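Please look at the structure first.

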Amino acid sequence: MGYLKFNKEKLVNLEYALKREVLATNRAGGYLSTTVVCCNTRKYHGLLVVPIDQFGGENHVLLSSLDETVIQHGQPFNLGIHKYPGVYEPRGHKYIVDLEYDPHFFIVYRVGGVVLKKEFLLVHNEPQLLIRYTLVDAHSDTVLRLKPYLAFRSRHELCHENMYANVRYEKVENGISSRLYAGYPALNMQLSKENDFIGSPDWYRNVEYLEEKERGYDYTEDLYVPGYFEFPIRKGESVVFSASLAPAAVSGLKRKFETTLKKRKSRDSFRKCLEYSASQFIVKEGKDTEVVAGYPWFGRWGRDTFIALPGITLSAGKDLKTCKAVIDTMCRQMRNGLFPNIGKGENAAYNSVDAPLWFFFALQQYAMALDDDCKLWKDYSVKMKSVLEAYRKGINPEGVMKGNGLIWSYVPGKALTWMDAVVEGMPVTPRAGYAVEINALWYNAVCWTLELAEKAGDKVFVENWKHLPEIIGRSFTEVFWDDAAGYLADCAGEGERDMSVRPNQVFACSLPYSPLTDDMKKSVLDVISSVLLTPKGLRTLSPEDERYKGRYEGNQNERDRAYHQGTVWPWLLGAYIEAQLKLYGKQFVPVAKELLSGFEEDMTDAGVCSVSEVYDGNPPYLPGGSISQAWSVGEILRSIDMVDKMERKS
C-alpha cells in the first residue's frame, strides 16, 4: 500500500467513490480525468481529452471511456460503470480490490479466480493514452473484451445521437481508426496483441453526469460505440491498449509503456504529491510555456499564472528555467503595458486591473531564486517600466493613477479584480474605485522597480519616480486604514469606504514593500485570523456580514454569488502565512505547519493528489470548484518553503 491510500471497502459505495477524481496531463495541453472507479461524472471527464488545432486549440473529448469485459467459460463480467436514468449499468466497481496512484493510476479487479490489473499512462508531449492490462491470476482460459465509447466534442459541450456522425472506421495495425466528424483528426485505437475487432455500431443513450446535474447544467449525452476488441489473454501476460492521433507502432507499445512508466516520479509523500500536481499545470507548445489555471475546465489566466508560478516552479524543484520561460511567454503577449487576463493571441482579453501588478510579484520571487539583480534588470526592466507607465499615464483603461498616487479602477458592468464573478451582467463584488490589494501591489511594484533602477544606475527612471513611494504610501493609509476598526477598507470610492472584512488587505501585510507599520499589520492579521481564517484558507467575507454565503453550491448563478462572498480560497494562505512569519518569525511556525498539514487529507479526496479551487466557508469545509487549481497548489508549496526556511534560521 502506497502513500495515497483509499478505503477499499468504501469503493463499492458510490457516494464515496464518485467524489474522488483522478487527473493526468500530457504536458502539451491534453489530459485524462475520471473518477477512481472510472465512472464519468462530468462532461469534462474522458480518457483522452486533447487540444484540436482545427478548433482553435481548445480541448476536445475524443475517447470518453473504455469498458472491459472478462469472459470465462462463455460467461461475461463487465468491469465498466456508467450512470443512466435511475440506474448504474454495469456495476463493475464492485470487482475492485485494489486502487493506487503511485507512481501512476492503476486498478486491480477480482472476478472469481480472475485477477486483472489495469494501469493508465498519458504519454508526455504526445496525444497518446496507454492502458496496460495484466492478467495477474486465472485458473481457466480467459478472454478480454474492450469497448470504446467515443464523444468527439468540446469538453464544454455534450453530444447526442445524430445523422452526421461518420460511423465508418478504417482498419489499422491491430486496431481501428475512427473519425466521427469532419475537421477532427482520426482517433487510432490499437493493441499490442493481435485481436478481433467486431463491428457493432450503436449509440449508448442518456449517459448521465451527476456533477453537471448538481451544478445546474445539462447532464445527459449519447456516446457512440463502433464495436469492440476481443482477444485471449494468458496468466501473467500483459497487453497494451493505445489511443492516439497518429497510428502507433504496435510492436513497441509494451516497451513504450515501460519506458514511460520509468520516468514517473514517486508520490509517496505530501510534498511529492504537491510537486507532481504542480508539474501538471505546465504546458509547453513550441516556443511557449504556459500555466493552466486549473483542471478540468480552466485555460490560461494571466493573473493566476503570475500568482501560481513561483510555487509550481521555484518551490516545486527550483526550476528557474521553466519559471523564466513562462514569464517570457507572458511578456510576448504584453500589449500597452497590459497582460492578457484570459486567452492568447487574437482571443486574448486584456480586462483585469491586477494581472500586470502580479507580474511584479512573480518577478520578485524569481529574482530571489536567481540572485542576480543585474541580469533581472537587463531582461525585464523595459517590461517593468512599461507596466508602470501604463498605469501612470492612463494607457491602461482598467486602472489609472490618480493625483494621490493611487490606482483607480472602474469600468461599468465589469469586475476587474480577482473577485470577478458576474451574475446577470452585474459584478457580485464590483469594488469600484480604489481596491486595497491593487494599491498594495502598486506600491510594492513602484518601490521595487526604483530599488533595481538605482542599483542599475537608471537615473532617468529614478528621477521621474523617486517622489511617488512617499505619496502612494501616505495616500494608502489615509484612504484605507481605519484606526478605530483596526483594519483596512476593502475598497474606497468618492468619499466612501467599504469596510467589509475581506482577505484582500492581507497583501498589504505580506508583500516585500508595504506602507503599513508593524502595529497596523498585526492589527489587520488579528482581524483576519479571528473571522476569515479556516483550516482550508481564508474566507472571502466575514460570516458576520449579511451577504455571507457559507456554502459553495447550486447552479452557476448561485455559485457565483457565493464565489467571493464567504467561499474559502486556499491560495490566500500564502500571503497570510508570509505576513505572519515576517512579523512573528519562528513563533508562528507551529501554527503555519498545522494549517498546511490540513491539506494532506485532501490528497485522497476530490482531486486526488492535488488541491481544489475553493472550499465551503462553513464546516466541514467541503471542496468545490475545479479539482486541481494552480494557485492553490502553488501557494501551499511556497508556504511550505517559507516555513522550512524560517525553521533553518539560526
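## Nonpolar cores

The largest nonpolar core has 210 residues. Leu63, Phe241, Phe359, Trp442 and Tyr576 touch the most other members. Such a core is a set of buried Ala, Val, Leu, Ile, Met, Phe, Trp, Tyr and Cys residues joined through side-chain atoms within 4.5 Å. Buried means under 20% relative accessible area (1.4 Å probe, protein chains only). Helix 9 (residues 436-456) gives the largest share of this core, 13 residues. A second, separate core has nine residues, among them Leu121, Val240, Leu253 and Leu261.

The model is predicted: local features need pLDDT of at least 70 and side-chain atom pairs pLDDT 80 or more, while totals for chains, interfaces and linings use all residues. Residues are numbered from 1 along each chain as its sequence is written, and side-chain values use heavy atoms, without hydrogens and water.

## Trp442

Which residues does Trp442 touch, not counting those up to four places away in sequence? They are Leu357, Leu388, Tyr391, Met401, Gly405, Ile407, Trp465 and Ile472. Contact means heavy atoms within 4.5 Å.

## Helix 8

Helix 8 (residues 373-393) has a kink of about 65 degrees, centred on Tyr380. The bend is the angle between axes fitted to the seven residues ending at a residue and the seven starting there. Helices are DSSP runs (H or I, at least four residues), as are strands (E, at least two), numbered from the N terminus.

Buried residues of helix 8 include Trp377, Tyr380 and Leu388. Their cover includes helix 7 (355-370), helix 9 and helix 10 (459-465). Gly394 follows helix 8, with a positive phi near 80 degrees.

Three strands form an open antiparallel sheet, ordered 26-29-30. Strand 26 (434-435) and strand 30 (497-498) are at the edges with a single partner strand each, so one side of each has no neighbour in the sheet. Pairing requires at least two DSSP bridges. Ala492 has Arg497 of strand 30 as its bridge partner.

Note on methods. Buried means under 20% relative accessible area, exposed over 50%, partly exposed in between (1.4 Å probe, protein chains only).
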